[in-house]
Amino acid sequence: MTVILSSAPVPTGALLGVRPEDTQSGDLSVQDGMLRATEGTRFMLRVYYSASLVTERPNNLNVSGRPEAAPWIAFIEEPGGDSGDTERQLRSTENPCVEENSRSSDIELLGSFKSTSSHNSVLVELLAKDLRRGEVIKYYSMCAFDGAKWEHLSSRDFWLAVVERPPGADVWLQAGVSVLLLGLSALCSGLNISMLALDPVELRVLQNSGTEKEQKYARKIESVRKHGNYILCTVVLGNVLTNTCFVVWMCQILGMTVLSTASCTLGIFFIGEILPHSVASRHSLAIASKTLCATRLLMLLFFPVAYPVSKILDIMLHQEISNFYTREKLVAMLRVTDPYHDLVKEELNIIQGALELRTKTVEDVLTPLSDCYMLSSDAVLDFCTMSDIMQSGFTRIPVYQNDRSNIVDILFVKDLAFVDPDDCTPLKTITQFYKHPMHCVFNDTKLDVMLEEFKRGKSHLAVVQRVNSKGEGDPFYEVMGIVTLEDVIEEIIKSEIVDETDLYTDNRTKRRVSHHERKQQDFSIFKLSENELKVKISPQLLLATHRFLATEVEQFRPCHLSEKILLRLIKHPSVVQELKFDHKNKHTPQHFLFKRNKPVDYFVLILQGRVEVEIGKEALRFENGAFSYYGMPALIPPPPTGRRFSSRGSGLNQSDSVLSGGSVGQLPTAGGGGAYLPDYSVRQLTDLQIIKISRNHYQNALTATRMDSSPQTPDPVDPDMKVRPPVPEARSNSIALPLTHAHTRHGLARLAHLHPHSGLRSTFQLNERNRIVRKYCLFNMLMSSFLCHFSLFFIFTWFSSYLRFYILL
């Protein structure tokens, strides 16, 4: 092909030489002085020519005096290698460039450019077309037309060899390398996030409080994570290096085109950055643990560069500072992360209260002085004062003198345990005896300091005071109120603690406790008048007696008698009695509360002292003490029978007897059909304090209970019902026996079914009951005697053996 380097009709110069413009790509090179180009390659040649005037031009080109243009060049195909030397010698006499058909079209001219830096050279862009199938290399020589004739440049310096393109890389290999580079880029990006996102302090927290997997991962990572700057330099250097290699690789495959730029950008953006960042930010601990070997390998590979840089950073930036949270940040973090953790509202309030404890003072939680329950130092501990203290519900009560702001002492309610309200003890006596230390604090004391003071055990109540410097006088301490341990705890848990005696749920808001939440206790029913009892009994013993009868004795349970009526009954002047014991005459009849086969119509409960009980024909005896009772069947009204007798004719007048003169008279058998005949005797052994309730008192109490529960007007009473019919004599063993054997307890359990008010009506049943009692009491005595004899026999045998052994020695 003829290459026309100039189209203008000007003289051309002679060709001096050619030089390849760019050989960096590898497709164009110079080997042994010959140009070598790869098929399908576009390359640039710089052509040098001489500047001389000519006088003639072919093809009717006019001669001009302007400077000459570059010569025309063309390429003709040459036989390959040394085998073509003979053929070239045969053609040496001829000029093959003259014939247009001999010029080759395998070398195509793409354009020519005039060089501005040189006046005798020009740049020519050529394209070496692909070789035909089976061809490996082809040689071309250069022809130059100087305006007058064609000159064949047969020297090898002007030859061009077009060689076959080496086999291209496999597509799968190219794709594999690309994926590998992107994977390394993603790995470095993921390590950058997963490793550096784990704070050293957080790793230690996970080791102590995380799950089993988290603790395992944290222990593995901690040894590597402590080299923070070294890891940073390693993963960043690896990420930059892999991204650079990927870009160069894609440009070599696709060339410097828009496609290669777009593929590199999208690949690094999505696969190398976005994907690893999104995954590593959510599973940083697991990823860092699983890729720990890869991290150490990268640290080893990049050690020469990364380690010195990391040391420089350590010197410049010092030790890595871990993340930390202030109280405000912790509270805010817990509130913001509320939907994501499993803490309930109460737990959040407790955590917030504990964190804010150091920021609050006692002035924020104190109870004002005007709302404090206090006692005057001149108070007397009588029944009214002590019942008022009990109703207040406080365990520590400030005591003031003259003015409420002058608190001089603290009263503990437990100090009143041994105080009798009837003694009317002055309050000063109690406070001066115990002398509890009074703890005073200032109003700006922090709650955490106050809590530490309470924890030391000095006191759980403190008086809050401040320095009042207002006015013209000297500053003085002004009492503002009191603060207790409960106030501090309520501030920690962010909730109010309401007990059964609180009137308000909060001292500041003054919201009262609803009536269904708090039951007001009334202690006035235990207050006794001066002339109400002939025998003095303490309120504590009175309360204990009331609860014992209402819960342990069947006939006085609330289902029969109301508690209010029962209290009035035992407060009757003739119910509580004291019996003196005559030590000189122990067996006098005045000492018997009950005698066998002597009818009685009263019930006796021993409050203080001891009695002797004799029961059965065998005259079994045992002692009983306080809160043992006898004669309960005497309170039960007799059942109606065919014959009617007036109770007035029975001669029962022992109800109001004080048993001081032995007035337990015998009742006539004919008129005593409704009386209770005990088959045991009860004799006092010491001074006694008893509760004695007659049948008339008990029946009146039953009637009052029915009237109290049914306030409507009762129906008229039939006059005929006033006469109470006689019933057979009833014997009972309703006494507190010492049950020392299981058989005895079973026997008495059978005896309970034969109780007079449970359906016992016949003499046969009474005899059967007495027989059972005697049988089991006798059995109990025989068993005790047997055990005693057996013990003596065993001791005697053992002692004889020991003595025999000692004699033998």
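**Salt bridges and an open sheet**

Glu 77, Asp 106, Arg 132, Glu 135 and Lys 138 are joined in a network of salt bridges, a salt bridge being a side-chain nitrogen of Lys or Arg within 4 Å of a carboxyl oxygen of Asp or Glu. The model is predicted, so local features need pLDDT of at least 70 and side-chain atom pairs count only at pLDDT 80 or more, while totals for chains, interfaces and linings use all residues. Residues are numbered from 1 along each chain as its sequence is written, and side-chain values use heavy atoms, with hydrogens and water left out.

The structure holds 21 salt bridges. In the one between Asp 106 and Arg 132, the closest N and O atoms are 3.9 Å apart. Asp 106 lies in the loop between α1 and β7 and Arg 132 in the loop between β8 and β9, so the pair ties together parts 26 residues apart in sequence. Helices (H or I, at least four residues) and strands (E, at least two) are DSSP runs, numbered from the N terminus. Asp 106 is buried, at 15% relative accessible area (buried, under 20%; exposed, over 50%; partly exposed, in between; 1.4 Å probe, protein chains only).

Lys 494 and Glu 356 also form a salt bridge, with the closest N and O atoms 3.1 Å apart. Lys 494 is in the loop between α15 and α16 and Glu 356 in helix α11, so this pair links parts 138 residues apart in sequence. Lys 494 is partly exposed at 31% relative accessibility.

An open sheet of four strands runs in the order β12-β20-β19-β18, with mixed pairing (two strands pair if DSSP finds at least two bridges between them). β12 and β18 stand at the edges, each with a single partner strand, so one side of each lacks a neighbour in the sheet.
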